Amino acid sequence: MASRAHITCLARLTDGSIETLAGDDLERIDALRKVAGQVVWLDVESPTDQDLSLLQREFALHELALEDLHKRGQRPKIDTYPNQHVIVTYEVTPDGERAASSFELAEFQVLAGDGYLVSVHWHESPGVRELEQRFRHRPDVVASTVGALLYQFLDTIVDGYFPILDGVGDRVDALEDRIIEGGSSTQALKELLVIKRELLELRRVLAPQRDVANALLRRDLPLVDDSGLPYYQDLYDHLIRVLDAVDLYRDLVVTTLDANLAVTSNALNAVMKRLTAFTVILMVPTLIAGIYGMNFHAMPELSLSYGYPLALVLMGGSIAFLVWFFRSRNWF
């Protein structure tokens, strides 16, 4: 069997050494995981039908677990089958095609049982690469038990949310400054709505992931022993912190949207004030000119020698007075 570049398989043996399996060695997984005290971790990226057949042979997957591997976009959850558990979780990764602080959510399906853990995903995962290095260098800590390996895996995924959320906070702060300074409110509004949608997507997957961590903390899975409880409590606390940050930034986005609306309304009010002032300024001389243009023969002012310059002075004086009046009240 040819080596599969998208499959990584590591085994911690009873003597503490690490064995890397590839190619035909993958057929030994079933034998290795049945030895007490040994832990096998198999990571599969973008599995093919051949890979799923391998998983079925080596781990005796439940038919429903195998069916789930053919489906994408599932809600984070825990499914328990005889001697096997399936956890659906999501990793957040930077989206290089958009802003540096933008992100995308990537699905993981994790299968755990006696002596093994299988992670299946359909994307390049920085968290998996990091965990692989830690597995190789600190197997006594990372893979002492399947429960410990599962904690390390989930904790690595959750820790990836913090820098992404920090970037989201920086984006919101920058947009808020632009709005207050009178920047392009239309573009800022578009960006704020994008961030709001991203935070909603995060909230949609993080809330059930918190429930998954809570189920592990309650020891609904026999993989978690007494020594592992403090670590799963730490995992649960991290998820609570991430959710609190998401809710905080959602509130900040709503506040910034309100600020954008207020700035837009103030700008509109300023324009209306100027238009009103100009209307009043032009209305007074128009009224004077209208009166003296009514062409009545009995109007006494029509016979005055200085009537015309007097009307011009009256109109000019009224304009000057109204300009001074409105400028003194900051209407210009």
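Reply: The expected span of a helix is 1.5 Å times one less than its number of residues. Helices here are DSSP runs (H or I, at least four residues), and strands are runs of E of at least two, both numbered from the N terminus. This is a predicted model, in which local features need pLDDT of at least 70, side-chain atom pairs count only at pLDDT 80 or more, and totals for chains, interfaces and linings use all residues. Residues are numbered from 1 along each chain as its sequence is written, and side-chain values use heavy atoms, with hydrogens and water left out.

Me: What distance does helix α6 reach from its first C-alpha to its last?

Reply: Helix α6 (residues 146-159) has 14 residues and reaches 20 Å, close to the 20 Å expected. Because 13 of its 14 residues are buried, α6 is largely enclosed by the rest of the structure. Buried means under 20% relative accessible area, exposed over 50%, and partly exposed in between (1.4 Å probe, protein chains only).

Me: Is T93 buried or exposed?

Reply: T93, in strand β5 (residues 84-94), has 6% relative accessibility and therefore counts as buried. Contact means heavy atoms within 4.5 Å. Beyond its neighbours within four places in sequence, T93 touches S102, F103, E104, H123 and P126.

Me: Which residues of α7 meet α9?

Reply: Among them are Y161, F162 and L165 of α7, while the α9 side includes H238, R241 and V242.
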